[in-house]
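Let's take a short walk through this model together. Keep your viewer open and your selection tool ready.

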Amino acid sequence: MTEHEHYEAVVVGAGPGGAAAAATFANYGIETLVLERGVEAGSKNVSGGLIYAEESAPYTIDDLFPGFREEAAERPITTYRIHNIAGEKVESFDLTRLHEHDTEWSDAVLRRKMDSWLAERVHERTRETGGGLLTDVHVNGLLREEGKIVGVTTDELDPITADIIVAADGVNSELARDAGLMDWDEPEEWFQGVKAVVDMPADTIADRFDVGEDEGAAHLFSGDLFEGVRGGGFLYTNRESLSLGTVFHLDSLVAERAEPHQLLDAMLTHPLLGQWLDEDYTEVEYSAKLVPDSKKVALREPHFGRLMLVGDAAGQMQAQGPIIKGMNHAVSAGALAAEAYAQAKSRNTPEDAGTLYARKLRDEGVMKKLRPTGYEMMRGLTENESVTDLVDGVLTSSVGRFGIRALSGQLERLYNTPTLSAMIPDTRTPYVTLPMVIAEELGTRVGETNDVSPPDLEARIGNLTYDTDIGNPHITLLDNSFEASGVAVSACPVSAVDFGGGCYREEFVRTNGSEERVVSLDTQPCVECGTCAVVADTEWTHPRGGKGVEFKQG
């Protein structure tokens with residue numbers, strides 16, 4: 001057996017899930033090494049983002065890291081509203097009751113600030129047990145001996161062995177795929193999120209959103225402003241900026257050949273947002289990421305051998321209509337994974353850690369939230385295309401419109417029902433048809449004007465920070481035919497039809513008198529969201545440590 005540097009625990013990724021795992025390991029006195037591929041924790045991470053502390057959760061981030069809310073978060077979210085849109089007509093509902101269900105608190109966060117603050121504490125605490133945190137290290141795979149997982153391999157360091165490995169390396173987890181636990185085969189299992197951070201002084205936020213210094217607002221948007229693509233938009237208030245973005249089912253984005261940056265602009269320029277945005281609109285950062293749909297992909301047994309998966313790497317992202325929670329579940333999972341190993345070790349059965357971890361996720365109610373029973377029971381019926389066509393037909397008919405008007409006094413209450421939200425099907429009905437009909441029948445025409453002129457795609461890419469790894473592209477285009485990979489031209493957040501820059505471009509090549517439609521690839525502008533790994537015939541890995549895009553906000 002080859003001798004390698006050894007740690008009892010290796011945690012891959014220093015986001016909230018990895019930080020929770022590392023802190024819990026340290027609490028048990030377990031020697032832990034944390035490996036982070038960014039130049040700093042958070043420099044590769046993007047979220048909407050709100051982080052929750054649920055009353056029913058086994059762990060919360062502020063329990064593990066005292067002072068978190070004061071030092072690492074933005075604003076507490078105290079109001080939560082959804083806007084149903086049809087053209088310039090809008091009907092809004094107050095969803096604060098749904099937002100506060102099982103909620104101890106919820107704060108807006110920016111990942112670069114949050115994750116880097118967590119990383120400092122993680123480094124201090126893991127140093128005390130003989131470990132620490134290393135940045136600029138890309139963990140590219142699992143180390144095996146005699147067919148068993150014994151450690152990890154990296155681009156920058158010699159292989160490292162460990163008694164337990166926690167993969168908290170995000171939605172594009174190479175460790176999860178190396179272990180055969182996750183794949184990129186089905187677009188309907190993923191969402192794509194695109195986000196802009198917009199500069200806004202604190203006093204302007206207070207005035208335009210009617211919030212105090214320790215208050216914040218969240219707004220969701222659904223209806224016909226997104227070209228029929230299933231999904232919606234969001235706006236969250238930070239201390240001195242806004243997070244605005246869109247989240248769409250990836251299969252719908254592909255089917256409609258919609259371009260993510262244009263869908264974001266459709267929201268930014270809608271008259272409704274004229275009450276909050278003006279001609280002084282200043283976009284600080286543009287970003288994107290894939291989001292797992294936990295209802296379909298959250299692993300019931302997120303482990304294999306010495307490997308345990310937490311957070312997005314295990315598909316632990318709860319996106320059920322207006323319920324959008326991920327980071328809090330990553331925190332619970334990371335801490336439970338470390339706790340499971342410590343307890344299994346104390347019983348002299350460390351090999352049982354993964355099984356114990358999965359049991360804890362079930363016993364603590366985490367899996368019930370990620371894979372709600374109601375959705376799984378109803379999915380076969382509610383997501384049947386014939387049923388969807390029938391329901392949409394009824395909703396848009398005179399009978400359906402009469403029903404919406406008759407229920408007008410009850411709709412807000414129904415939207416605030418957690419059990420109903422957990423059953424929402426992934427069809428156009430709840431994301432497009434129903435909100436559109438509600439707005440048409442009950443809505444009021446928006447009186448504001450919107451003078452926002454969003455940056456074009458070239459400017460957005462140009463404003464990002466990159467350390468290009470010349471000669472080492474992290475994506476390889478395996479089939480450049482338009483049939484195999486052409487969808488990436490429109491689905492990639494930094495590519496577009498008729499745009500000469502970006503990652504993927506459509507071209508016509510003449511060969512022997514015939515013309516062939518192909519796509520070409522340039523990885524330099526890549527924001528590492530992973531979309532093309534799902535929709536195109538590519539071979540995809542993360543860039544080497546510290547290389548590629550660096551998000552300053554996240």
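**Stop one: the cysteines**

Start by selecting C532, which counts as buried because its relative accessibility is 9%, below the 20% cut-off. Bear in mind as you look around that this is a predicted model.

How many disulfides does the structure hold? The structure holds zero. C532 is accordingly in no disulfide, and the nearest cysteine sulfur, belonging to C526, sits 6.2 Å away. Now select C492, another buried residue, with a relative accessible area of 8%. C492 is in no disulfide either: its nearest cysteine sulfur is that of C503, at 4.3 Å, while a disulfide would need the two sulfur atoms within 2.5 Å.

**Stop two: a helix pair**

Next, select residues 16-27 (helix 1) and 327-346 (helix 11), whose axes come within 7 Å and cross at roughly 30 degrees. Because angles under 35 degrees count as roughly parallel, helix 1 and helix 11 are roughly parallel to each other. The crossing of helix 1 past helix 11 is right-handed.

To see the contact, show side chains for P16, G17, A20, A21, T24 and F25 on helix 1. On helix 11, the partners are M327, A330, V331, G334, A335, A338, E339 and Y341. Colour them by class and you will find ten nonpolar, three polar and one charged residues.

**Stop three: a loop**

Finish at P66, in the loop between helix 2 (61-64) and helix 3 (68-72). Is P66 buried or exposed? With a relative accessible area of 64%, P66 is exposed.

How values were computed: Residues are numbered from 1 along each chain as its sequence is written. This is a predicted model: local features need pLDDT of at least 70, side-chain atom pairs count only at pLDDT 80 or more; totals for chains, interfaces and linings use all residues. Side-chain values use heavy atoms; hydrogens and water are left out. Helices (H or I, at least four residues) and strands (E, at least two) are DSSP runs, numbered from the N terminus. Buried means under 20% relative accessible area, exposed over 50%, partly exposed in between (1.4 Å probe, protein chains only). Axes are lines fitted to C-alpha atoms, for helices over the stretch in contact, and angles run from 0 to 180 degrees between N-to-C directions. Angles under 35 degrees count as roughly parallel, over 145 as roughly antiparallel, 65 to 115 as roughly perpendicular and the rest as oblique. A crossing is left-handed if the near helix is turned anticlockwise from the far one by less than a right angle, and right-handed if clockwise. Contact means heavy atoms within 4.5 Å. Ala, Val, Leu, Ile, Met, Phe, Trp, Tyr, Cys and Pro count as nonpolar, Asp, Glu, Lys and Arg as charged, and the others, Gly among them, as polar.
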